[in-house]
Amino acid sequence: MSGEDGGPAESLLVALNMRRNSAKVLIYMACHGEATSDDLESALGIGQPSVSAAIKDLDGRGWLATEQMRSDTKGRPRHKYRLSKAFDTIADEIERMARNRISEIEEGLRHLRFV
């Protein structure tokens, strides 16, 4: 996946109010297991600030684990990212989010009929 449309999975995540770049990173991680920020930038065609924001978002959801990589050079530490739990578990959480959203929409439609 190199910056192209992520298809139905990406569209679902965006419809559930996930940022598009977070959705792209999550899908990439589900397919590839682990990645560095540089890997994500080049594979997804998004810049470093966007990758950092996506990583922060996914980490905040409890879906990402960060490992500091050893470096022989000075400078900023490098990190490797991976999913913090099995993707099936994350998919179950996403399914619950989708079902809750569907319930909210159905409730709104019921109320709309009485306006």
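Biologist: Does Glu 107 count as buried, partly exposed or exposed, and at what relative accessibility?

Modeller: The model is predicted, and every value discussed here is computed from it. Partly exposed denotes the range between the buried limit of 20% and the exposed limit of 50%. Glu 107 counts as partly exposed because its relative accessibility is 33%.

Biologist: Which residue meets the side chain of Glu 107 in a salt bridge?

Modeller: A salt bridge requires a side-chain nitrogen of Lys or Arg within 4 Å of a carboxyl oxygen of Asp or Glu. Here Arg 110 pairs with Glu 107 at 2.7 Å, N to O. Both residues belong to helix 5 and stand 3 residues apart, about one turn of the helix. Arg 110 is partly exposed, at 45%.

Biologist: How many salt bridges does a search of the whole structure find?

Modeller: The search finds 8. One of them joins Arg 20 to Glu 10, at 2.5 Å from N to O. This pair links distant parts of the chain, with Arg 20 in helix 2 and Glu 10 in helix 1, 10 residues apart. Arg 20 is partly exposed at 39%, whereas Glu 10 is buried at 1%.

Biologist: Which residues make the nonpolar surface patch of about 440 Å²?

Modeller: Such a patch joins nonpolar side chains within 5 Å, taken from residues with over 30% relative accessible area and no salt bridge. In this model Ile 105, Leu 109, Leu 112 and Val 115 form the patch. Leu 112 lies in helix 5, residues 87–112, and counts as exposed because its relative accessibility is 55%.

Note on methods. Residues are numbered from 1 along each chain as its sequence is written. This is a predicted model: local features need pLDDT of at least 70, side-chain atom pairs count only at pLDDT 80 or more; totals for chains, interfaces and linings use all residues. Side-chain values use heavy atoms; hydrogens and water are left out. Patches are made of residues with over 30% relative accessible area and no salt bridge: like charges are joined within 9 Å, nonpolar side chains (Val, Leu, Ile, Met, Phe, Trp, Tyr) within 5 Å. Accessible areas come from the Shrake-Rupley method with a 1.4 Å probe; for residues, only the protein chains shown count as cover. Helices (H or I, at least four residues) and strands (E, at least two) are DSSP runs, numbered from the N terminus. Buried means under 20% relative accessible area, exposed over 50%, partly exposed in between (1.4 Å probe, protein chains only).
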